[in-house]
Amino acid sequence: MSEEVTYTTLTFRDSVGAGNNQDRHNLRKREYSALAPIWRWAALSLLTLCLMLLIGLVTLGVMFLQTSNEINSDSEKLSRLQKTIHQRQDNLSQQLSNYRNLSTEEEFLKSQISDLLKRQGQMAIRLCQELVIHTSDHKCNPCPKMWQWYQNSCYSFATNEEETWTNSRKICMNKNSTLVKIDSLEEKDFLKSQLLPQFFFFWLGLSWDPSSRSWLWEDGSIPSPSLFSTKEYAQINGSKGCAYFQKGHIYISRCSAEISWICEKTAALVKIEDLV
């Protein structure tokens, strides 16, 4: 009697286990059937993304080929100048090697190094100027975007705004600059050569200082008489107010007048590594 009960219990358990296994198999089958469309959509999305990436790569390749021709000439100039720079650097190294133990030649060597570095800097500036002409936003440009580069300064011409001399000065200060200071006739000619509207007036950083009873630039220096024509210099000596620039000439006006202005800041150094 005990053996029969045991056999019946085992048989019943086996039947229950088989039934449970069948239920789990059916449940997995239904889950797989439900997930199949999701996987198909995921695969289709990935395929679409791959096609878009491929199209993007092809487009970038075409754009690269188009622009490569435009920079070939600049690359050749760069290569020649880099070769010259390397040759001069090699010459400098050779000179250092030749005169290392010659104390009597120390001053001469320092002079040669200084001259070489100066010429190297000048070549870098000339090359950067050529690159900026072809690509205004080239990374070697020592001036911010939309500023004009001339010699050691950057210039910003406010042609669409008008302010008093004081407010113009504050605007330039907010840009880490000053109202323009004319240091030479060459700089004056540069300002005159800009393609500016004929009847535009631009504030300069030159004004009458009551305490010293003289005309001063913003940095406190006195303007050189050689910068002005006889008529301009007579106006400055006989007037008080603020100076402005128009069509290559300097005039005097009351500081409360509202006109355009020119900001000036020192240009950053041209780095040789930025030329590549």
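This is a predicted model: local features need pLDDT of at least 70, side-chain atom pairs count only at pLDDT 80 or more; totals for chains, interfaces and linings use all residues.

I counted secondary structure first: the chain has six helices and eight strands, taken as DSSP runs (H or I of at least four residues for helices, E of at least two for strands) numbered from the N terminus. Going along the sequence, I wrote the order down as α-α-α-β-β-α-β-α-β-β-α-β-β-β.

Residues are numbered from 1 along each chain as its sequence is written, and side-chain values use heavy atoms, with hydrogens and water left out.

Next, the whole-chain numbers. I get 29% of the 276 residues as buried; buried is under 20% relative accessible area, exposed over 50%, partly exposed in between (1.4 Å probe, protein chains only). The chain exposes about 19300 Å², with 56% supplied by carbon and sulfur atoms (Shrake-Rupley, 1.4 Å probe; for residues, only the protein chains shown count as cover). Of the contacts (heavy atoms within 4.5 Å) between residues at least 6 apart in sequence, 69% join residues at least 24 apart.

Then I went for the nonpolar cores, meaning sets of buried Ala, Val, Leu, Ile, Met, Phe, Trp, Tyr and Cys joined through side-chain atoms within 4.5 Å. Which residues touch the most other members of the largest core? I find Cys-128, Trp-149, Trp-203, Trp-261 and Leu-275, out of 25 residues. Helix H3 (106-134), S2 (153-163), H4 (165-174), S6 (242-246) and S8 (259-266) each give two or more residues to this core. The largest share, five residues, comes from H3. A second, separate core has 21 residues, including Tyr-155, Leu-191, Phe-202 and Ile-262.

I looked at H4 separately. Trp-165, Ser-168 and Cys-172 are buried there. After H4 I noted Asn-176, with a positive phi near 55°.

Last stop, Tyr-251 in S7 (249-253). Leaving out residues up to four places away in sequence, Tyr-251 touches Gln-235, Cys-242, Ala-243, Tyr-244 and Gln-246. Gln-235 sits 16 residues away from Tyr-251 in sequence and 7.3 Å away, C-alpha to C-alpha.
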